[in-house]
Every structure is written in structure tokens, then in C-alpha cells.
Amino acid sequence: MVTGLVTDANNEPLPGVTVVLKNTSTGTTTESKGRFTLNVPESSANATLVFSYIGYLTREVALGARSNLTVQLETDIKSLNEVVVVGYGTVKKSDLTGSVSTVKADEIRQMPTVSLEQGLQGRAAGIQVTQASSAPGGGISVRIRGGNSINGGNEPLYVVDGFPIYNNNDEANPSGGRLGGYRTSPNALASLNPNDIESIEVLKDASATAVYGSRGANGVVLITTRRGKAGQGKVNLDVYHGVQQVDRTIDVLNGREFAQFLNQEATNLGQPQYYTPQTIPTFNNQADWNSLLTGEGTNWQKEIFQTAPISNYQLSFSGGSEKVQYAISGNYFNQDGVVKKSNFKRYSLRTNLDAQISNRFKAGTSLTVSRTLNNQIVDGGMGNANAGAVHASLQYLPILPIRLNNGLYSRREDEPSPMSPFGRTNPVQLIESTTDLTTSNRILGNIFGDFRILDGLNLRVTLGTDIDNRERDYYFAGEGERDLTAQGSASIGTTAAYSWINTNQLTYNKTFGAHQLTVTGVYELQQRTQQFRGMSNSIFVTDAFGFENIGAGTQVGGPGIFSSKNRWSLASYLGRISYIFKDKYLATLSARADGSSRFGANNKWGFFPSLALGWKLGEEPFIKQVRFISDLKLRASIGQIGNQEIGPYRSLTRITNSDYTFNRQRVTGLTPTAIGNPDLKWETTTQTDIGLDASLFNDRLSLTADYYFKKTTDLLFDISLPLNSGYSSTQGNVGNIQNQGIELTLGGYVLDGPLRWRTDLNWSANRSKVLALSTVNQVFGPLLTFDYRWRGNMLQVGEPVGLFYGYKTAGIFKTAEDVKASVQPTAKPGDVRYVDVNGDGKLDGNDRTVLGNPAPKFIYGWNNTFNYKNFELYFFFQGVYGNSVLNATKRDLYATLGRHNLAKGTLYDSWSPQNPGGTLPMIGGSGYNNTPTADEYVDFFVEDGSFLRLRNIRLGYTLPVKNKPFLKQARVYVAAQNVLTFTKYTGYNPEVNDRGQSTINQGIDFGAYPLAKTYMAGLTVEF
């Protein structure tokens, strides 16, 4: 029996310290007064006890003949002095004055991620990550503390090992949306391998982001990749394989039910039933009338979905001497989509090298070479009524087969209905006949030299480049036997983007007495050039050439050709002073001046200052007396940051070619398309932040809380012009938006004995408000599609950004008496009852009202890790609450006419005299399209998008191989992703945004690519 006391350096008792008999599982923990009791077998001669506690150095004590011990643990200085990467430098976490969230590599690697943004999802407060498309390599939208802009960009700036990248997914689509028909572009950052990441720091407040000036308004994400360390070389292998399945399907009518629906429609309209034994003796391979009545027909969702594999292989080498360190990694990632033929592949190679050339000079390089191949199957129908295999699978007729007896794909016209054909393409034909491949070849790298001029004075010069060449090849095979005018269509498009940056940074560090001073000066230049080229053609004699011989098409007028080129440049000066007094009082002052080619001649330069103050209350004597407080710090900051994310040349008058007739001949001339604005400048966001950082119970629990207020002025917005000017509008700086919110992060070790439990919870809420617009108080977003004439979301002064706006409903009319008592005199039983919102006794456009807000009331994430001996269990919940989603797919699925397939409820829950309890409009009636003003949102289509999702669960086991000379460590694990989702949403996935990175049109779902559940097993080995 051994008893003892464990204290800290001040002889204060430490509760919860783990005490373990070395090389055994025998252990205990200290009680509240720091004392412990442990049974040690008499056979344990020369026994050693191991004492470990969070925030303190582990200590081993030889027991010898003693039965009572007093052990003192030393503070783990390395833990308290954890270094955090900030813009143009690093700082100890305890000295941080800005609002910065950190995500470590171990957290990112807990779940498979295609792109680095997915590693942020649910792991840091104030960051909302939305998978705009769940397709492999699909686009992602990230919002840090809400959106600041209407027409400008809202994505954060990403800085990869010092190289700034703006993730504009539209640039990832070489055709710019003009070729092939899909709107959701591939993810521009998917070419970077997230397995190479060492840590991610998210800069959120003005103090942290102002050093990036005109690009910092939407937050900054700093990515640091793994670098080598001096010591014995390591070889690491990481492999996993898995399968994916569709998370859920949508219940639609089968073949028999669809036939019943059409017959009910005919009955309600007073017409003869369509499907009878007399009219349909045989129908589409059905042997007789009875088989039609009992047949399930074709389940089109089943035909296009598949169980899809996913795999990853990562091999890395690291090590080095005191003079040279290296880190080299190679990666192959392959993910097939749950929609057949969709796929994403990535091949990447990264090399990081650091060399100490002399006592004063250090040099290094970071280089990534990658190639991605993304097979896209259009994941929605917003851009084209006939595009979108997922959307088509919900609407294509279940009574049609995949192919007819003659081997051709069935078409809507093959159903011999007297109704007008509704143009939906066979979903299997869409998949099998479409090739839509985007190939990206990217080189991202830099070289640096770091020269120590004097003790404390360093000059660092960096030169970096980003070469990103993308090619999109599209071909849709025609069926010449059926329609000679549409026999194949093809397009090719390329984007060649080249960026370079030169950063010259001078840093001075000096400590004198109670004063610590760091001064940073930066001069930086950056330029980016993009060139687009493309060609399209159609009516191919054969499909054998595909897009590889686009000249073989014979469309009238010849191939369509386009090309364009743009360039922008940025010059910047930055100064920053960080001052610490008595290791308690902190101050950071920075100012950046940016000159951008994107803006008008009168506003080329902008100035962006910031100030942050910090007070380490934990160092004050009156706080040190509070035993449960380990550390406490208050922060406050204010500053201005900008947003330059608009297209080049917006300040200039632009012209384009235009054809006209002169003297009976076709002549090409030049036509102005937009009037210039020499006063155009960037949007400016002024942000205030108040924060608190606390460590409690001997660093066992940590808490971070922030309140922020942001106001964005000089919004980039279209200004109306007099029509006699020849233009309807020009872009200018008008309007204001504000965002304010709260962020909370709480984490620590609930258990720290033989069974360890680490939990981390983050929660954040953001509220936006439109303060002013151009010359009006209300603006609607763009129409959703050319054939889908819904107005889009709304901006209104005094309200949040992008509200859903339209008509409220109050069920349906059940009787003629209900109609007489209403404000809809022309309605009939079974029609939708609309709400007279303003109570004026009539129904018109003035009764439109707010139907929902796509922005959530709050978002949250909950991470948990359990460790016991060699086992580790990790699970991660992520959720969104209080947001609305426009389920635009329901407009067609809940129609009242059988021009395409419909939701099951339309047959079983529709009102009729025989079903007076039905809650849906009458089959054959006007349905939800009979709004007082045409093509408006209706609350039936706006749903609660709140959800709680078990994003990842993983069980790992570390194999006992440490004594093997050739094997340092080995670990196996099984994992599952997206296995549980709790939501009321009726579509495929509440986490959706059909309009990608659009600001106004958020929260829209139109047959989007469904979410996948993933099950996998993996192995990590270190040699």
C-alpha cells in the first residue's frame, strides 16, 4: 500500500492527478486535497510510479522501500506557451489580443475530408460551413461571423503557407456556367490535400484580420502545412477504404399509383378515365391491364443511386538534421459519388524543405503539385429544366421503362397521353449519355529567405506562385434515330490562372526589463491573370469523337467560340506594433494601406487600421488568490477592414462586339455594355470585439467568449441611372449592413484517469440587418431560373439579409361555405386558402410577408474523445438551429396535374369529395401556383432547416508494437460519417444551398445532390 500527496510548484495540492504503476494498468487519481492511495503488489520490486496531469510535466518516481510520498509537479511551460500562427508572424497563445480559433491536424484527420474547409465544419465558433453540393468535389460556402456583402464576395481569404488564395468557385468552372448547364461549380480548394495540414487558424476580429487590409473583411483562414523536424527520419502510411450510401430517398408515386393519380385527375375534371382495360390493352411492356394496376414501374432514384467506394492513400517522409529538415508526402484520393458516374480523384505531392545556411541565414521552400479529375453529374435543375439527374429521377414518369423494345431510351412522349408532354429527360440517359469532366493541374509554392540582420532584427523575403490550369470537357450523346436535329452536343472550356506574390517582411523583437516589443513592417505585391477559352458544337454524325473532335459537329452557323482575359494587381504596406508590459498588459496596433487595380481612378488606395488591448487578469494577485482560476484574460479590439472581391474592370466603361445590319449586310461593331464609375471603391467593415479567455481548475477546463459588432458601409451595389443615359444602372458604393453576434467555446477533460474523456463544445449566434440600400427600401434577388420564375429572396431595410418573402396559406377550402366567408371569391373547394395578412378584405400583392430566414439562429458543434489503454473513441455532433430552407423541389412534386411524377402525398392526402379530410389541394385543381401575383414563394415550400447530425464516429486501437525495431507505431480504426441526422426537413438534406456562394439567394434546395452515409476502415503506420 502506497499513500502520498501531489502538489504544484507553490505546494498547493493538485486534485485529479493520474498515478499509475509504470508498465501496468494499475492506477488511481488524487482526491480533492491532492492525496492518493495505491495498492502496489509486493512482487513489484524497484517499482516506479508515473504522475501525469494536464498542464504539468509528467514525472516518474522510483518507489524503493517508501510507502509514503510527497511529489511536486512542474508546470508544462511548453503547454502554456503554445504558439499560434497569426498574419505575418506567430504569437504565444497567452499573449494573443485578437479573436483566433485553432483547429489542429489531429482533429482534421478524425474524419475523411475532400477539402480543407470541411475540416472547419462544427469545430470553431462563428464559422458556418455549408456544403453547397454534396457531390464529390462539390462547392462549399464558408461564412465567418455572417456575410458582409451583397454583390461582392463573402468567402474568407485562405492563406496557405503565406500564399493568399480567394476561393471563388465560379473561377473553378472553366466555362463560367455557359457550357454544359450546371451551376454548382467544383470546389477551387479541393486540389489541396487536407492530410498535409498541421494546423488551421481562423482570424475573426478586426485586430487579427486588419493586417490583410482590403481582403480581410470576411475573415482569414491561415493554413500551415507539416514541416520536418530534426531527428530520426519517419515514414508514415495512412490508408482507408469505405463505402457510401444515400442517406435518404424521397417517396414518390410508383407506376400503379401514378396511373391512379391520372385517373383521379380525369374524374375531378369531368373527363373519361385515361387508364382503362379498353384504352390500354398493352402498355410499355406491361402484359395486360392487371399488370399495369399492380406494377411498381421504374424506381428512378434506385436506378441512378449506387453504393459507392471511397479510398485514400497517404505516404509521407519527414526528418532531418539540425541544419536541414524535410517533409515529403504523396496522396491519392478517390471518391465515387452515390449518383452513378460522379467521381472525384486527386493526385498530390507536397515537399517542404528548411535549411539553416549559416548562423544568420535560413532558407526554405513549400511546393504542392496536384491533379484533380472531377466527373460531375448535374446535381440540380435550377439552371436548366432538362438538366439534373437527381431532379429528373424525382419527376420522370414511373410507368416508363429505361429503354423501349427498340433499344432506345424512353422519353416523355412515349407515354401515349392526351396531355401536353412535359420535357423531362430520362435520368438514366442523362447519366449514361453525359460526360462532364473537369481536370485541374495546379502548382502552388513559394521560396523564402530569412536573414538575421542584428540580434532581434530579421528580414524575410518570400516569392510565391500559384499556377492553376483547368479544363472542362462536356459531351451529351444524342439519339439520331429519333431526332436528327439534336444528335450530340459538345463543349470544351479552359481556364488558365497565374498568380504571383512577393512579400518583404522586417521584424524587430526586443525585451528590456518589463517591456516586450515586436515591430513588423511589410511591403507586398501580388498579381493574378486569368484567361478563359471555350468552344461548343452540336449535331454530330457519330458519338465516337465526343468532345475530342469538336469540329466534327455540324450545327448551323458553325461552332460557338468565346475567349476572355483579365488581370488585377495589389500593392500593400503594413505596419504592426505589439507591446507587452509586465507580462500582463497587452497592446497591438496595426495599419495597412492597399492599392488595388480593381477600383476607380479616384479610389485606388485604402487605409485599414486596428487596435487591440489585452489584460492578463490571471497575473494579478487578486485573481491568483482564486484557486479554481488558472488563467484569465480580457480582450478588446476595434478596426476597419475591406472587401475587394468584385470582378476586374468594374470601375471602367466596358464594350463588347455586336452585330447589326447595314446596307443589307451583316456588320460587326462595338457596343458599350456598362458605364464606368471612377469613384468605385471597396466595401469597408468596422468591427468591434470584446472577448474573454479563461482556464479553470488547473487548466483542466478552458472557456472563450466573444461578442462582436460589425458594420459594413459603401456596399458594392447597382445604382439606377436615367434611361436617357443609355444604361439602366452602374455599380457604385451605396448601402450598409450590420452583423452582431456571440461566440462561446468550452472544452476540457471531464475524466483524466485511466479513462480519459476530452470534450469540446462551441456555440455561436449571428444576427444580420440591412441598414440602407440604394434608393429603395426593398430589393429582390435574381429569378431562380429562366423557366422557374420565382422572384428570389429579398433584401429589406431593417430586416436580415435574404429573407424568403411571399404568401402565407391557411390550409385548403373544404366547403363552399368556407369559400363564401373568404377573400377569394373565385376559389373552389380543394383550392389553397391564402391569408389576408393586412386585413383589408382583399387578396393582392400587399399581403406578401416574410416566410422565413435562411440564416440560422445559432450553430454549434460538439467533439468528444475517449481514451482507455490502447483504445480511442471519437464522436462529433454538428448542428444548425432556426434557419429556413426553400424546398423548391416541392413545387413540382406537389403539383395537382400529372404532367410528371409526384410525391406520394398528392394521391393519398389530396382533398376530394370522397376524401374531405385531405390536407393537400385537389387533384386537377389550381394547387399552389394560383397566387394573387404570379410566381411567388408560398409558405408550403419554406421548411424548417434545423438539424442535428452525428457527423463522425470513430473507434481506434493502437497496436502494441513499440518494441518492434522496424515499426514505431501502428493503429487501426473503423469509422462512420453522417450516420444519424435529426431533422424535420422533407428533402434530401437540410444542409444545402443550391445557389452556391450567392449572398441573397441562400438556403435554396432544388433537387440537390443527396448526402451520403459513409462506413470505412483504416490503418496508420509509422516506421
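Modeller: Opposite Tyr579 stands Ala587, in E27. This is a predicted model, where local features need pLDDT of at least 70 and side-chain atom pairs count only at pLDDT 80 or more, while totals for chains, interfaces and linings use all residues. Residues are numbered from 1 along each chain as its sequence is written, and side-chain values use heavy atoms, without hydrogens and water.

Colleague: How do you know that E26 and E27 pair?

Modeller: Two strands pair if DSSP finds at least two bridges between them. E26 and E27 have twelve, in the antiparallel sense. Therefore they count as a pair. A strand here is a DSSP run (E, at least two residues), numbered from the N terminus.

Colleague: Which strand pairs with E27 over eleven bridges?

Modeller: Strand E28 (residues 605–615), in the antiparallel sense. There, Leu586 stands opposite Gly614 in E28.

Colleague: Why is Tyr88 called buried?

Modeller: Buried means under 20% relative accessible area, exposed over 50%, partly exposed in between (1.4 Å probe, protein chains only). Tyr88 has 12%, so it is buried. Tyr88 sits in the loop between strand E8 (83–86) and strand E9 (89–92). Its phi is positive too, about 60°, although Tyr88 is not a glycine.

Colleague: What makes the edge strands of the open sheet edge strands?

Modeller: The open sheet has three strands in the order E4-E1-E7, with mixed pairing. Strand E4 (35–38) and strand E7 (68–72) each pair on one side only. Those are the edges.

Colleague: How do you know that strand E1 and E7 pair in the parallel sense?

Modeller: Strand E1 (residues 2–7) and E7 share five parallel bridges. With at least two needed, they therefore pair. Within this pairing region, Val6 stands opposite Val71 in E7.

Colleague: What holds paired strands of a sheet together?

Modeller: Strands of a sheet pair through backbone hydrogen bonds, either parallel or antiparallel.

Note on methods: Helices (H or I, at least four residues) and strands (E, at least two) are DSSP runs, numbered from the N terminus.
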